[in-house]
Amino acid sequence: QVQLQESGPGLVKPSQTLSLTCTVSGANITTDYYYWSWIRQPPGKGLEWIGYMVYAGNTYITPSLKSRTSISRDTSKNQFTLQLSSVTPEDTAVYYCAGGYGTYSRPPHWGQGTHVTVSS
């Protein structure tokens with residue numbers, strides 16, 4: 001059973017960097033053909049794909065966020081991390097990590113989500 005759990009601060013000030021970690025259990029994040037994603041849902045809006053990391057460590061970030069987003073990993077802890085810099089109130093959202101075998105567009109396993117508010 002693959003399980004994911006997001007962790008990080010629930011409140012970030014404007015212009016600061018948002019950093020979230022996803023801890024994965026039940027699967028190794030470096031296993032071939034597994035993909036690991038970050039997705040968010042702003043209040044009253046639909047899901048927005050932020051980006052994903054391939055099992056080999058390569059990443060893809062959606063163009064609208066690419067200039068201020070990075071996804072990295074700590075294989076010793078089986079974790080992957082999202083960093084979003086220069087945040088504004090528009091980055092307020094529920095942030096999800098998700099992943100699974102063979103697909104990045106429809107991950108079968110999701111974390112419960114963590115709410116992040118950007119406010120001074």
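What you have open is a predicted model, where local features need pLDDT of at least 70 and side-chain atom pairs count only at pLDDT 80 or more, while totals for chains, interfaces and linings use all residues. Residues are numbered from 1 along each chain as its sequence is written, and side-chain values use heavy atoms, with hydrogens and water left out.

**Stop one: the disulfide.** Zoom in on the sulfur atoms of Cys22 and Cys97, which form a disulfide at 2.1 Å (the term covers a pair of cysteine sulfur atoms within 2.5 Å). The link of Cys22 and Cys97 is right-handed, with 65° about the S-S bond. Cys22 sits in strand S3 and Cys97 in strand S9, so the pair ties together parts that are 75 residues apart in sequence. Strands here are DSSP runs of E with at least two residues, and helices are runs of H or I with at least four, numbered from the N terminus.

**Stop two: strand S4.** Now select residues 34-41, which make up S4. Is this strand enclosed or open? Seven of its eight residues are buried, so S4 is largely enclosed by the rest of the structure. Follow Trp38 across to S9 and you return to Cys97, its bridge partner.

Next, show residues 48-54, strand S5, which runs antiparallel to S4 and is joined to S4 by six bridges. Ile39 has Trp49 in S5 as its bridge partner. S4 and S5 form a hairpin with six residues between them, and in the turn Gly44 has a positive phi of about 75°.

**Stop three: the charged network.** Select Arg40, Glu48, Arg68 and Asp91, which are linked in a network of salt bridges. A salt bridge means a side-chain nitrogen of Lys or Arg within 4 Å of a carboxyl oxygen of Asp or Glu. Between Arg40 and Glu48 the closest N and O atoms are 2.7 Å apart. Glu48 is partly exposed, with a relative accessible area of 23%, while Arg40 is buried at 5%.

Turn to Asp91, whose salt bridge with Arg40 has its closest N and O atoms 2.8 Å apart. Asp91 lies in the loop between S8 and S9 and Arg40 in strand S4, so this pair ties together parts that are 51 residues apart in sequence. Asp91 also meets Arg68 in a salt bridge (2.8 Å, N to O). That pair links distant parts of the chain, with Arg68 in the loop between strand S6 (59-61) and S7 and Asp91 in the loop between S8 and S9, 23 residues apart. Asp91 is buried, with a relative accessible area of 1%.

**Stop four: the nonpolar core.** Which residues touch the most other members of the largest nonpolar core? Select Leu18, Trp36, Trp38, Phe80 and Tyr95, from a core of 26 residues. Such a core is a set of buried Ala, Val, Leu, Ile, Met, Phe, Trp, Tyr and Cys residues joined through side-chain atoms within 4.5 Å.

Key. Buried means under 20% relative accessible area, exposed over 50%, partly exposed in between (1.4 Å probe, protein chains only). Two strands pair if DSSP finds at least two bridges between them.
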